[in-house]
Amino acid sequence: MLYQPEHFEPLTDEPWDEVRVRDAIRAIVADADAAFDPDGLWPAHEWDGWQVKLPLKNLYVGAAGVLWALDELRRLGHAETRLDLGAAAVRALELWRAEPDFMEGETRPEPADSALFLGESGILLVACRLAPSPQLADELLARVRANVANHAEDIFWGTPGTLLAAAAMRDRTGEERWAEAARESAQALAGRRDGDGLWTQRHYGDDVRSYGAPHGLVGNVSVLLHVEDERNGELMRDTAALLARTAVLEDGFATWPLGYGRGLEARDGQIRLQWCGGAPGIVIAAAPYLDEELLVAGAELVWQAGPHSLEKGAGICHGTAGNGYALLKAFARTGDERWLERAQRFAVHALAQVDRLRTENGRGRYALWTGDAGVALFAASCLAGDARYPVLD
């Protein structure tokens with residue numbers, strides 16, 4: 001068995017209705033507006049804020065991610081927030097500098113402050129987008145350059161994350177200093193790649209060699225492809241071959257172990273089938289070069305499993321919307337409208353899960369990767385048939 005059915009639930013029979021989906025996106029934005037406090041930002045979900053100093057400010061589960069999503073939905077014409085997003089981004093940065101929202105007692109790679117997902121770089125990147133200034137840009141550049149030697153080797157903490165930030169600023173500003181910083185980070189990251197094509201992730205007090213998107217191979221490769229290099233073609237071919245060798249196949253479906261020398265089961269006994277472990281993340285990150293038969297087999301497993309249960313939730317990290325992006329990638333790669341229709345079914349289900357969880361908890365979940373904002377972005381992607389995964393694409 002490539003997944004554990006008890007962690008999933010039957011897919012809703014509710015049909016795709018564009019008007020209702022647009023209304024649901026606006027409702028998520030309106031709820032985020034209503035729940036915002038200029039000093040306390042947003043209330044934290046128990047899982048997101050576990051053993052962390054509140055309020056949450058970071059890009060992954062904190063205010064910066066919600067602000068990025070609200071701005072993206074506004075730019076796409078789906079909903080107009082009432083918040084001053086620039087002022088809120090600057091406030092999140094101030095609060096983070098006063099008290100970073102790192103988990104108490106965790107072993108962090110150095111320099112942890114430069115992390116894209118959980119450190120200052122992600123908040124600075126959002127602030128540069130929403131309240132641009134030369135000072136903020138200079139501070140972000142310093143964070144990027146300070147992170148070049150970070151051996152976490154993942155998007156959350158390491159050089160790949162700050163490389164992505166440099167590439168985003170390069171594209172936004174056209175300034176050569178950002179292109180230079182991106183090339184510097186890419187050269188360092190590529191130089192630390194092991195001889196067999198993997199990287200060794202060194203964080204949380206452990207060394208692992210992962211295949212996944214947030215903490216491993218396909219995430220690192222996807223970021224390297226943001227920098228033009230004559231070796232990119234070979235990098236994609238080598239990675240595709242490695243993924244073909246390590247795929248776990250069963251009855252026309254495919255998934256991947258968590259990493260080199262590891263099985264499908266994690267230490268807690270669960271088989272991950274989500275963006276941050278297993279087929280969905282591989283399909284999403286490696287879609288441009290993964291063997292098409294394997295890509296389709298991975299997407300078929302996502303469809304076979306169905307939506308995550310409420311324990312995992314609706315979000316884009318380890319929830320229904322995240323798995324739905326794998327279906328959108330299959331649509332983009334194959335052009336088969338069936339995959340778009342399947343993704344839309346997942347979007348309807350994820351939006352219903354947002355409503356169910358809001359009723360159960362008495363409020364929304366205010367985070368990009370684990371909360372309602374990511375679901376709204378996935379629904380917007382299904383409206384447009386746009387397979388780009390938030391932030392990373």
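Visitor: What should I know about the model before reading it?

Guide: The model is predicted; local features need pLDDT of at least 70, side-chain atom pairs count only at pLDDT 80 or more, and totals for chains, interfaces and linings use all residues. Residues are numbered from 1 along each chain as its sequence is written, and side-chain values use heavy atoms, with hydrogens and water left out.

Visitor: How many aromatic pairs are there, and what counts as a pair?

Guide: Rings of Phe, Tyr and Trp (its six-membered ring) pair if their centres lie within 6.5 Å. Planes under 30 degrees apart are stacked, over 60 edge-to-face, and the rest tilted. A search of the whole structure finds 14 aromatic pairs. Take Phe-102 and Trp-157: their ring centres are 5.9 Å apart and their planes are at 35 degrees, so the pair is tilted.

Visitor: Where do Phe-102 and Trp-157 sit in the chain?

Guide: Helices (H or I, at least four residues) and strands (E, at least two) are DSSP runs, numbered from the N terminus. Phe-102 is in the loop between helix 3 (85–98) and helix 4 (120–130). Trp-157 is in the loop between helix 5 (134–146) and helix 6 (159–173).

Visitor: Is Phe-102 buried or exposed, and which is Trp-157?

Guide: Buried means under 20% relative accessible area, exposed over 50%, and partly exposed in between (1.4 Å probe, protein chains only). Phe-102 is buried at 11%. Trp-157 is buried at 0%.

Visitor: What kind of pair do Phe-117 and Phe-156 form?

Guide: A tilted one, 4.4 Å centre to centre with 45 degrees between the planes. Phe-117 lies in the loop between helix 3 and helix 4, and Phe-156 in the loop between helix 5 and helix 6, 39 residues apart. Both Phe-117 and Phe-156 are buried. Ring pairs also link them into a cluster, with Tyr-60 and Trp-275 among the other members.

Visitor: Which charged residues sit over rings?

Guide: The test is NZ of Lys or CZ of Arg within 6 Å of the ring centre and within 35 degrees of the ring normal. Arg-209 has its charged end over the ring of Tyr-260, 5.0 Å from the centre. Arg-342 lies over the face of Trp-339, 4.8 Å from the ring centre.

Visitor: How do the axes of helix 5 and helix 7 cross?

Guide: Axes are lines fitted to C-alpha atoms, for helices over the stretch in contact, and angles run from 0 to 180 degrees between N-to-C directions. Those of helix 5 and helix 7 (residues 176–191) come within 10 Å and cross at roughly 15 degrees. That makes the helices roughly parallel (under 35 degrees; over 145 is roughly antiparallel, 65 to 115 roughly perpendicular, the rest oblique). Contact means heavy atoms within 4.5 Å. Residues making the contact include Leu-140 and Val-144 of helix 5 and Trp-178 and Ala-181 of helix 7.

Visitor: Where is Met-1, and what is it in contact with?

Guide: Met-1 is in the segment before helix 1 (18–35). Met-1 is exposed, at 58% relative accessibility. Leaving aside neighbours within four places in sequence, Met-1 contacts Glu-250, Leu-264 and Ile-271.

Visitor: How many residues of helix 10 are buried?

Guide: Eight of its eight, in helix 10 (residues 279–286). These buried residues pack against helix 8 (217–224), helix 9 (232–246), strand 4 (253–255), helix 11 and helix 12.
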